[in-house]
Amino acid sequence: AKGKGRNRFHYFTPEMEVLAQTRRRTLEQLREAIQRQQLEVYYQPIIDLSCGGIRKAEALLRWNHPDGQISPLQFIPLAEETGLIVEIGNWVFTEVARQSEAWARTYQVELQVSVNTSPAQYLDDHCCKPEWFEDILAQGLDPARLCVEITEGLLMEPDQTILQKLLMFRDNGVEVSLDDFGTGYSSLAYLKQFDIDYLKIDKSFVSNLSPTSHDRVLCQAIIAMAHTLGIKVIAEGVETEQQQQLLRQIDCDFAQGYFYSRPLPADQFAATWLEPDSK
Ligand code: C2E
Ligand code: CA
Ligand code: CA
Ligand code: CA
């Protein structure tokens, strides 16, 4: 261990050099992924626990790299660090708007699609401004069919331009959902910064749900508090029947997870979850 300690004073070990190279290569390829049509949006249903029907879906990005699919957990952070997320995010919005409008014409369901957004998109000069949104709506999308998911980090700094952009969405009839609630710096204070429509309980709480667990009490408290504030609650990562039952008992509004379906490519999602219009 002592011998290795010497390396601490070198900024680049051979291993780090290889990592940095891999990163550069991945970044170069990610820059071209849009033009090469390697990005794809998958859709995961969100179930209304009061009736068991589907009302919503979350759009989840996939990168179909020639060497195999790469998880967003790997490339989203890289895209965020380099600012590339703005361009990628624009592509996701446009794609979701196009797909959602196409479904509205073919299927009976009133489906609302949730799009994940990163703080960098709200810090960009153009992104999420009214003119930007007009371009997205040019796909023919009804804004009521759109929801944006934000993370708590965004509400931590009460920046006026960020709040204005979120208001822009809501003024246009787009709902706003607070993702990953319960992780990081969750605080009721953030809920006061901005009026949100939905709160998503992070899957780390849902996975530990049992009739006697502390997480059950915690989830119940989060749900009761959210309802007092007029906020609906979505539980993520629901994998079992028992979790679904417990969530119903504690008055959770919506659920999402492998118990219902994994995220699916658009055509498979439609074939499984949407009913052809019989009109
Ligand atoms: P997230 O927004 O928290 O999305 C939920 C993640 O949980 C997804 O992972 C989903 O596939 C996974 N999941 C759903 N149900 C279950 C379940 O029952 N059990 C378990 N263990 N996992 C479940 P995914 O698709 O790998 O996405 C990872 C993260 O990447 C997302 O987490 C989100 O933060 C980010 N992401 C994905 N697409 C986009 C995008 O278009 N834009 C941005 N900015 N971020 C994205
Ligand atoms: Ca999300
Ligand atoms: Ca989440
Ligand atoms: Ca997340």
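This is a predicted model: local features need pLDDT of at least 70, side-chain atom pairs count only at pLDDT 80 or more; totals for chains, interfaces and linings use all residues.

User: Which residues coordinate the calcium ion (ligand 2)?

Analyst: Donors are N, O and S atoms within 2.8 Å of the metal (3.2 Å for Na, K and Ca), and water is not among the atoms, so sites may look incomplete. For the calcium ion (ligand 2), the donors lie at 2.2 to 2.3 Å, and their spacing along the chain is E-x57-N-x32-E-x29-D. The residues are Glu 58 (OE), Asn 116 (OD1), Glu 149 (OE) and Asp 179 (OD).

User: How many residues apart in sequence are the parts tied together by Glu 58 and Asp 179?

Analyst: Helices (H or I, at least four residues) and strands (E, at least two) are DSSP runs, numbered from the N terminus. Glu 58 belongs to strand β2 (residues 54–65), while Asp 179 belongs to strand β6 (residues 175–181), so the pair ties together parts that are 121 residues apart in sequence.

User: Is Asp 180 buried, partly exposed or exposed?

Analyst: Buried means under 20% relative accessible area, exposed over 50%, and partly exposed in between (1.4 Å probe, protein chains only). Asp 180 has a relative accessible area of 24%, so the answer is partly exposed.

User: How many disulfides does a search of the whole structure find?

Analyst: A disulfide is a pair of cysteine sulfur atoms within 2.5 Å. The sulfur of Cys 128 has its closest cysteine sulfur in Cys 127, 3.7 Å away, too far for a bond. For Cys 219 the closest cysteine sulfur is in Cys 252, at 7.9 Å, again too far for a bond. The number of disulfides found is 0.

User: What kind of aromatic pair do Phe 93 and Trp 132 form?

Analyst: Rings of Phe, Tyr and Trp (its six-membered ring) pair if their centres lie within 6.5 Å; planes under 30 degrees apart count as stacked, over 60 as edge-to-face and the rest as tilted. By this rule there are 11 aromatic pairs. Phe 93 and Trp 132 have ring centres 5.0 Å apart and planes at 90°, so the pair is edge-to-face.

User: Which helices hold Phe 93 and Trp 132?

Analyst: Both residues are buried, and ring pairs link Phe 93 and Trp 132 with Phe 133 and Phe 169 into a cluster. The pair ties together parts that are 39 residues apart in sequence, because Phe 93 lies in helix α4 (residues 85–106) and Trp 132 in helix α6 (residues 130–137).

User: Which residue lies over the face of Tyr 258?

Analyst: A charge sits over a ring if NZ of Lys or CZ of Arg is within 6 Å of the ring centre and within 35 degrees of the ring normal. At 3.8 Å from the ring centre of Tyr 258, the residue is Arg 262.

Key: Residues are numbered from 1 along each chain as its sequence is written. Chains are lettered from A and ligands numbered from 1 in the order in which they are written. Side-chain values use heavy atoms; hydrogens and water are left out.
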